[in-house]
Amino acid sequence: MKFVAYERAKQGTGASRRLRITGKTPGIVYGGEGQPQLIELDHNALWHALKKEAFHSSILEMDLAGATTKVLLRDVQYHPFRPLVQHVDFQRVDARTRMTVKVPLHYKGEEESTAVKLDHNLVNHVMTEIEVSCLPADLPEFIEIDLSGLTKNATLHVNDITLPKGVKFVSHGKVNPVLVSAVPPLVAEEVAPAEGAAPAEGAPAAAKTDAKAAPAKKK
């Protein structure tokens, strides 16, 4: 994906506020062999780009001052309650250096699995993205996982899937986390009425006793 950025001369809270008023978003690009550089972007164009999954997980081509630089989106700061991007960070990409990136997971085929079709399991997507390490040329836009082989009450771990060539999972202490779990559907249990409670509507009334109360004795 491509986007256009412009050089930004001024920095500071006041300068950034004035920039946002004019429909621009302040940002910075850093890393690689160059020095950190202040940039600004058109807010509306950036807002729509951020809604696309690929903008967050793929290598982008930044057009700045007539030169194209490959970068990766690293951080976005949103306004607490307004639809406004306050700041954005990009990192330059070195083709020879491995990088660590979060990649989205795309699940498919769960409706065809025996867990769903025969056993009526509910499939929980425990993780929707994983962090990987790879060279820029090997970075996938997303990782597709086929769940058609999922069985009753089964779990799918990271070690159960095949990652693209050159891509390694970054564990951060979790060696083999669960990606997906199939669980049986919840079944409501019948609760017995409490003692002394009124009978349910339509229920037969309790049988009346035929015995008459004994008459009071005369003195």
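In the predicted model, the largest pocket is lined by Glu53, His56, Ser57, Leu73, Arg74, Val76, Thr100, Val101, Lys102, Pro104, Glu129 and Glu131. Two or more of these lining residues come from each of helix 3 (53-57), strand 5 (67-78), strand 7 (99-108) and strand 9 (129-134). Strand 7 supplies the largest share, with four residues. By residue class, the lining of the largest pocket consists of five charged, four nonpolar and three polar residues. The space in this pocket amounts to about 250 Å³.

The second largest pocket holds about 170 Å³ of space. Its lining is made up of Met1, Lys2, Phe3, Val4, Leu41, Asp42, Ala45, Leu46, Ala49, Lys52 and Phe55. Strand 1 (2-7), strand 3 (37-42) and helix 2 (43-50) are the elements that each give two or more residues to this lining. Eight residues of the lining of the second largest pocket are nonpolar and three are charged, while no polar residue is present.

Strand 7 and strand 9, which both contribute to the lining of the largest pocket, also belong to an open sheet of four strands. The order of the strands in this sheet is 10-7-9-12, and their pairing is mixed. Strand 10 (143-146) and strand 12 (168-169) form the edges, each pairing on one side only. Strand 7 and strand 9 run antiparallel and are joined by six bridges.

Serine 113 is located in the loop that links strand 7 and helix 4 (114-117). Is this serine 113 buried or exposed? Serine 113 is classed as buried because its relative accessible area is 0%, and the class requires a value under 20%. A polar atom of the serine 113 side chain lies 2.7 Å from the backbone oxygen of glutamate 110. When residues up to four places away in sequence are left out of the count, serine 113 touches Leu147, Ser148 and Leu150.

Key:
Residues are numbered from 1 along each chain as its sequence is written. This is a predicted model: local features need pLDDT of at least 70, side-chain atom pairs count only at pLDDT 80 or more; totals for chains, interfaces and linings use all residues. Side-chain values use heavy atoms; hydrogens and water are left out. On a 1 Å grid over the protein atoms alone, a cavity is a set of points where a 1.4 Å probe fits but cannot get out, and a pocket is an open set with protein on both sides within 12 Å along at least five of seven lines; lining residues have an atom within 4 Å of a point. Grid points are joined across faces, edges and corners, and a volume is the space filled by probe spheres set on the points. Ala, Val, Leu, Ile, Met, Phe, Trp, Tyr, Cys and Pro count as nonpolar, Asp, Glu, Lys and Arg as charged, and the others, Gly among them, as polar. Buried means under 20% relative accessible area, exposed over 50%, partly exposed in between (1.4 Å probe, protein chains only). A polar contact is a pair of N or O atoms within 3.5 Å; within protein, one must be able to donate a hydrogen and the other to accept it, and residues adjacent in sequence count only if both atoms are side-chain atoms. Contact means heavy atoms within 4.5 Å. Two strands pair if DSSP finds at least two bridges between them.
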